[in-house]
Amino acid sequence: MALPAAASTVTGVPRIVDGDTLVVQNTRVRLFGIDAPEAKQRCETATGAAWACGMAATATLRALVGQGVRCSGSEEDRYGRLIAVCRAGGRDVNAEMVARGAAFAYRKYSRDYVVQEERARRAGLGIWQGAAERPAQVRAESNGQAAPGTCTIKGNISGRGKLFHLPGMRSYAATRISTRKGERWFCTEAEAKAAGWRRAGG
């Protein structure tokens with residue numbers, strides 16, 4: 001949720017909080033239009049090995065803005081952070097994070113970086129090299145909430161392998177998702193199959 005605020009621009013060498021949040025001159029800034037993996041979030045490589053994608057996203061942002069940044073925005077989120085587009089070295093940092101596979105395009109709020117996301121996905125960069133749960137889903141699960149939006153397909157890992165359960169299936173209600181085990185939510189069956197999950201029986 002974005003709240004109107006006076007147009008603001010802050011410049012300086014920032015302190016990095018995580019892959020999409022930084023502090024510039026005591027102003028907390030949330031990068032507009034992108035959603036980076038949570039700090040402790042883990043993703044999978046193409047071979048299924050776990051890797052610290054959240055830490056990698058933070059490191060990528062730190063490298064991009066290490067020499068200083070200029071962030072401009074006119075809205076604040078519910079946490080009082082300035083929602084901004086930041087530039088460093090003549091580049092749109094928000095776009096660069098998505099282009100490098102260090103963040104998702106946050107389509108819920110903007111489609112500005114969808115092109116960069118599609119290119120990164122096709123190239124298998126960063127979070128696109130294997131399975132990666134959407135950060136919004138990770139936050140929802142850590143808060144004990146159901147999956148957000150339309151991402152209601154449960155990707156479960158059991159003795160029978162990686163199975164996905166659709167709403168209405170026999171085992172759907174009893175299936176619990178544990179991201180620590182590498183389980184995840186999917187928005188579509190196609191997404192689940194592309195990630196290597198197969199449909200559970202009935």
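## Two buried cysteines

Both Cys43 and Cys53 are buried, a term that stands for under 20% relative accessible area, with exposed meaning over 50% and partly exposed in between (1.4 Å probe, protein chains only). This is a predicted model, in which local features need pLDDT of at least 70 and side-chain atom pairs count only at pLDDT 80 or more, while totals for chains, interfaces and linings use all residues. Residues are numbered from 1 along each chain as its sequence is written, and side-chain values use heavy atoms, with hydrogens and water left out.

## The link of Cys43 and Cys53

A search of the whole structure finds two disulfides, each being a pair of cysteine sulfur atoms within 2.5 Å. One of them is formed by Cys43 and Cys53, whose sulfur atoms lie 2.1 Å apart. The torsion about their S-S bond is about 70°, so this disulfide is right-handed. The pair links distant parts of the chain, 10 residues apart, with Cys43 in strand S6 (residues 43–44) and Cys53 in helix H1 (residues 53–65). Helices (H or I, at least four residues) and strands (E, at least two) are DSSP runs, numbered from the N terminus.

## The link of Cys71 and Cys86

Cys71 is joined to Cys86 by a disulfide with an S to S distance of 2.0 Å, and this link is right-handed, with 110° about the S-S bond. Here too distant parts of the chain are linked, since Cys71 belongs to strand S8 (residues 69–77) and Cys86 to strand S9 (residues 82–88), 15 residues apart.

Cys71 is buried, with a relative accessible area of 0%, and Cys86 is likewise buried, at 0%.
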